[in-house]
Every structure is written in structure tokens, then in C-alpha cells.
Amino acid sequence: HGEEQQPPPQQQRCSIFIKGLQLNSVASLCELQRRALCSAIRGLIHGAGDPLEEVTLYPLFGAARLRMASPQGVEAVFRAVGNEGRLQVDQQAVHVLREGCPDARVLVHAVPLGDTAALAKNDFAVAVKSGLAAREAYVEVKALQGVCAVTFPDPEVAESVCVHPDVELNAGEGRSVGARFFPGCFCFFLSGVPLGVNGQEVAAAVADEASSADIAHCSVNEKDGRGVLLVKMGDGADMVACMKELPMKGAMLRLSSEQLHPVYLEQLPPKIARGVVIRELNSMGLKPQSIDIQGSQAEILLQSAWDRERATGKSLTLDGRTYELHQERVACAPFTEKWYAASVKDLPPVDAIPLDDPVFHAPTWNPDLWLKHFNQFQQSSDHADKNIGLHGMRKAAMIATVQAVRVGKYAPSSLGRQEQRPVPLHVCPPPTVFHNLEETFVLPKMDPKPGFVLVRVESQDCLLCA
């Protein structure tokens, strides 16, 4: 495309860039904000003539460009704001920056659309950079966790890209990938997202805690329990930044402005001590930032992506057994097709499972799916496999019952459709006591009633009959 055109030096020296404005998209309100900005700048300079020639607002980015009448006016503004470079504009504290400095660039986040499983780790970032270069938008692109940070030197070019936020980009070798651009957002990285929880559920939980947060996007990778949350600039984003952690379905979801680097341990023994895990990690040269143990699974946050790559595949010895570190969670969400096929036969006794185990926090109970796998075990020709499978299905039903009683409701679903309304259970007030006893059931004495009574005895599995 030839050499990139640069504005004349005189024009660069006579411009000021403002960031941190909370601009309104309504034209009349935006005009009032422009006047307030002009008044604040003029108030800094005392002298003859009007120091301002032109003011351009960029509402998408909370930014403005001010063209001054002379370089002397620019210097007078920076002398007035001092080293901090802060200015009060209509009760907002904004940043006053020199045109062309690194902080005067605008940031846009790009999120992949559609199926990106076939893309390599950095293919999306390459596609974003080359796709924007084809439109003569020369940008810096940084691949982050589930999102790309795209830095535009010129806010006008960024604005032209974000007018149509959904684009199709060339990923090379005849492949294309969709991308959606989100301007004016703060990016938060998620870790420890519970199994079976999607981006919409995380966004709803964050919105419940930070009611003023304007959430633009949230996506979750179920395999590694990580995700990304984009929140529009404003007071709501500040509230989210203060949250750090959020309880969800018996687990603790973490939010951070820095990328998180988790690895996982699976099938741990009950009540394993964190100190034992830390000691083993330290012996491997790894210093974890935090360790979260939920039931039989541990999520370990490491300090860097390099540590995460180095730890993956290594084994820890705990209580005489070895456990391998994984980048992705091996376990799958309880009461799903995959869980019934892979895990139900290996369930421990229900009373041996701690109540903070993810298995007790399944989002829905699907009776059709349970019955499907129950029937498969029932029809198995392998007698041993049949007995183990049916016993596992009984445990699954008991686990779902315990969870339903604990929360006082359950959310049913079927193979064909999802029921939105949970079913309330009229259980006794807490504390509810769970018994693991065989008790003799005595029929109460009943007064005889006139009429004909039919009693039928079924020689059939009680759960199947129910």
C-alpha cells in the first residue's frame, strides 16, 4: 500500500487528545458535553483570542481530539494540568494527552464468531491484523485469552471499522473467520467457571452483583474453565473491577484484568491439604498464585503462560498416588450425555461425596436422559456391567435428589426442549438432615372405607416404575 501518510508536524503539535470521557450517544446531550469540554479547556488558558479551533468527539471510545490555534496554547494546557495530566470536565476526571503518544491510541476488542476450533492458537489474531490491513487500517493486535486487543493510532479509522462491527476475515489457506468488534470496553478475564455454566449465565450473575454494569460480551471455554467478559466503560466497569471473586453453583469464579493461567488436577482424594499440593508444585519450580479445591478437582493458577506450558503433563505425588496436571478439565458437567457414559459407573458412595463437589451443583435435571441411560444398562448382556451401571444410576438419582432438597427446587429439562421455570419443593425448613440408614417402614392403621379396593404387586425396578 506504499508508505503510510503522516499528518504534518505542525498539525500534530497543535492537537490535544482527551480520554476517559463518559460521552452520551444522543446528539443533543453530546453537544452539551462538547461545550463543557471547551469551557474547561478555555478556563485553563488566560489570554487574548480563542485557543480552540476545532473539537471532535468520539463517543464510542469516550475520547475527543482538540485542535488548538497554536503550539503555545497546547503547552499552556499541559502546564495548567501538571504532571498528572488530569482535568475536571462536568464532574468527570479525564486524561489530557499529547497527540501521538502511546496512551492517545484507542483500544477495540475483537471476538471470534462461529466455530473457531480448527484455528490454531494465534490464527485469529493474524486474521484480524491482515483483514484490517487490507482495509488500510494499520493496527497493533495482541492475542489474549479468548479475545484480541486491537490498538488503533487513529480514532477515526477505529470508528469506521466499528460502524459495522461484524466482519468476515481471511484466516489463510482458504479459511475465513468471523469477528465482532467491541469499542469502549474494559476486558476482564475469568477463571474457575463451573462446569456446565455458559457465558450468558456468568453475565447474568455479574449483572446481579454490579447492577450498573453494561455487559457487552461474555464467553466461556468449558474445557479449561476460562472466559472473557467485556464491560462498557463507566461506573459499572469500576464495580466489576472491585469484585475479584463471584460465588457460582458451589464454586468460586475469579475475575481479573490480567490473563489467568490455570492448570487442573482431577480425581483427588477427599480433604487433600493445599499445603501438600503447594509443596509438590514448589519442588517442580512452580509458584502458584492460588489453589481452589472443589470436591475431587483442584484449579491451580500459575504466574505466567510459560509456567502453564511447563506444568502441563507433569505429575504430582499426593498420598502415594500420582496425579497429572492438565490445561483442560477432564471432567464434564454432571448429568450430561458425556457424564452418564464416562463417569456414572465410577461414582463413589453418595454419603462419601462432599457437598461442595461440582456434582451437587448441576444446572438441570433431565429425566429423559437419565431414563435413556438407565434402559441401556438394563438391557446390557454383560451381567457385571449391568449391575455396576444400574447402581451408578441409582447414585445419580440420589445426588440429584439431595441437591434439589438442599436448594428447595429443581430445573427439569427434556431431550427436546428446555424448561425455563424451576419446580419448587415444599421441604421442611433447615436444617435438613440426610440419613443414610435402612429403616423399617410401618404402614399406619387406616379406617376401612366402603367400596372396592384393588391392590397390585409389581415385580419391577422401583426407579423404573417411578
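Here is a walk from the whole chain down to single side chains.

**Before you click**

This is a predicted model, so local features are described where pLDDT is at least 70 and side-chain atom pairs where it is 80 or more, while totals for chains, interfaces and linings use all residues. Residues are numbered from 1 along each chain as its sequence is written, and side-chain values use heavy atoms, with hydrogens and water left out.

**The whole chain**

Start with a cartoon view. Of the 466 residues, 40% count as buried. Buried means under 20% relative accessible area, exposed means over 50%, and partly exposed is in between (1.4 Å probe, protein chains only).

Areas come from the Shrake-Rupley method with a 1.4 Å probe, and for residues only the protein chains shown count as cover. As for contacts (heavy atoms within 4.5 Å), look at those with a separation of 6 or more: 67% of them are between residues 24 or more positions apart.

**Stop 1: select 63-68**

This is strand 3, and five of its six residues are buried. Which strands pair with strand 3? Strand 1 (residues 15-19) does, in the antiparallel sense over five bridges, and strand 2 (residues 52-58) is also antiparallel to strand 3, over six bridges. Pairing here takes at least two DSSP bridges between the strands.

Now pick Ala63. Ala63 is the bridge partner of Lys19, and also of Tyr58. Next, trace the hairpin made by strand 2 and strand 3: four residues sit between them, and Gly62 in that turn has a positive phi of about 60 degrees.

**Stop 2: from Arg65 to Asp154**

Stay on strand 3 and show the side chain of Arg65. Arg65 forms a salt bridge with Asp154, with the closest N and O atoms 3.8 Å apart. The two are 89 residues apart in the chain, with Arg65 in strand 3 and Asp154 in the loop between strand 8 (148-152) and helix 5 (155-162). Arg65 is buried at 17% relative accessible area, whereas Asp154 is partly exposed at 27%.

A salt bridge here is a side-chain nitrogen of Lys or Arg within 4 Å of a carboxyl oxygen of Asp or Glu. The structure holds eleven of them.

**Stop 3: select Asp166 and Arg180**

Here is another salt bridge, with the closest N and O atoms 2.7 Å apart. Asp166 belongs to strand 9 (residues 166-172) and Arg180 to strand 10 (residues 175-183), 14 residues apart. Both ends are partly exposed: Asp166 at 42% and Arg180 at 33%.

**Stop 4: select Arg254 and Glu299**

This salt bridge has its closest N and O atoms at 1.8 Å. Glu299 lies in strand 18 (residues 297-302) and Arg254 in strand 15 (residues 251-256), so the pair ties together parts 45 residues apart in sequence. Both residues are buried, Arg254 with a relative accessible area of 10%.

Leave Arg254 selected. Its side chain reaches the backbone oxygen of Met252 at 3.1 Å. Leaving out residues up to four places away in sequence, Arg254 touches several others, including Phe189, Leu190, Asp292, Leu301 and Lys244.

**Stop 5: hop to Lys244**

Lys244 is in the loop between helix 7 (235-241) and strand 14 (245-248). Most residues other than glycine have a negative phi. Lys244 counts as exposed, at 53% relative accessibility.

**Last stop: Val453, Val455 and Val457**

Show these three as a surface. They form a nonpolar surface patch with about 360 Å² of accessible area together. Patch residues have over 30% relative accessible area and no salt bridge; nonpolar side chains (Val, Leu, Ile, Met, Phe, Trp, Tyr) are joined within 5 Å, and like charges within 9 Å. Val455 is in the loop between strand 22 (423-424) and helix 13 (462-465), and is exposed at 67% relative accessible area.

Note on methods. A polar contact is a pair of N or O atoms within 3.5 Å; within protein, one must be able to donate a hydrogen and the other to accept it, and residues adjacent in sequence count only if both atoms are side-chain atoms.
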